[in-house]
Amino acid sequence: MARGNRLARLAALGLLGVVTLTGCEMPNNEFWRFGWPEGITDQATHMRELWTGSVIAALVVGVIVWTLILWPVVRHRKRGDELPRQTAYNLPLEIAYTILPFLIIAALFFFTVVVQNKVQDRSNNPDETIAVNAFKWNWQFVYPNTTGPDGEPVNTVGTTSEIPILVLPTDRTIRFEVASADVIHSFWVPEFLFKLDVIPGNENGRDNVFQVTVRHEGAYVGRCAELCGTYHAYMNFEVRAVSGDDYDAYLKARQSGMTTAEALESIGQPGHATTTEPFSYLQKTAQTSSSGG
Ligand SMILES: [Cu+2]
């Protein structure tokens, strides 16, 4: 009787875990994120929900395991010299021990693959395509569907004295095609919760491709996440996510001949990076502090 009750309770808890995992929307606040950083893309939202669901499932399993440990410790303490009933070689129990963890792993694997497919999905027709070129040690961002005054597509190149700013529209599907001119770099915007290795040598295939939909306007730092040489640490850029209208106005301004900074200022944005400093600035600071000390 009591055992039947317990089993029913275990099953109910397991069911709760599954329902929680399959639920369309996970609660999103500091507590329910369980330390997960808040991303700014749809893809990041899927990843966060997988994390929240996984932690809830782990806690459900944890509570069951803690109960199974603590309950015998408290209720079945040694009461005398009489040996308690021996239950070794309990076949049904051992089968359950084997199958249950397998089911748990299968469920986690299933939801991981579902989310991975969403994150890596590039089947949607993108609204915008941006070509990213990585080189030692900076970035070039090209808007291939535009034509600047020189007849070439509008682009922004970083230098040692200027952080390249990648202007992106919110609420549109953006396809990134990343290429490297030399060694392996890695395109990483921490707020996307995503990084992609930039493998050189596939200019024709453009296999380094991913898509995101950004949902929050703002300035976010971007980095190279692959140790690519001497100045790897200074290979930063900035993502400036703006409204679709501002994005269109920015591209129009660039096509009319404005620089990145001028075009950004024309849509009411700071013309220079706000999230990170260019290499020359850091170098100067280092020199000043070492000569001062
Ligand atoms: Cu790099």
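Predicted model: local features only at pLDDT ≥ 70, side-chain atom pairs only at ≥ 80, totals over all residues.
Residues are numbered from 1 along each chain as its sequence is written, and side-chain values use heavy atoms, with hydrogens and water left out. Local features need pLDDT of at least 70 and side-chain atom pairs count only at pLDDT 80 or more, while totals for chains, interfaces and linings use all residues.

The copper ion is held by H185 (ND1), C224 (SG), C228 (SG) and M235 (SD), at 2.0 to 2.6 Å; donors are N, O and S atoms within 2.8 Å of the metal (3.2 Å for Na, K and Ca), and sites may look incomplete because water is not among the atoms. Along the chain, these donors follow the spacing H-x38-C-x3-C-x6-M. The 4 donor atoms subtend angles of 93 to 124° around the copper ion, and the arrangement is therefore tetrahedral (for four donors, all angles between 85 and 135 degrees). The ideal angle for four tetrahedral donors is 109.5 degrees. Both cysteines are covered: C224 counts as buried at 7% relative accessibility, and C228 likewise at 7% (buried means under 20% relative accessible area, with a 1.4 Å probe and protein chains only).

Strands are DSSP runs of E of at least two residues, and helices are runs of H or I of at least four, numbered from the N terminus; two strands pair if DSSP finds at least two bridges between them. In all, 5 strands form an open sheet with mixed pairing, in the order β4-β10-β9-β6-β7. β4 and β7 (194–198) stand at the edges with a single partner strand each, so one side of each has no neighbour in the sheet. From one strand to the next, the twist averages 25°.

Helix α4 lies across β4 and β10, running at about 130° to β4 (axes are lines fitted to C-alpha atoms, for helices over the stretch in contact, and angles run from 0 to 180 degrees between N-to-C directions). Its buried residues are G244, Y247, Y250, L251, A253 and R254. Their cover includes β1 (128–135), β2 (138–143), β3 (154–157), β4 (165–169), β10 (237–242) and α5 (260–266), where contact means heavy atoms within 4.5 Å. Just after α4, G257 takes a positive phi of about 115°.

Terms used: Buried < 20%, exposed > 50% of the residue type's maximum accessible area, 1.4 Å probe, protein only. Tetrahedral: all angles 85-135°; square planar, octahedral: opposite > 155°, others 65-115°.
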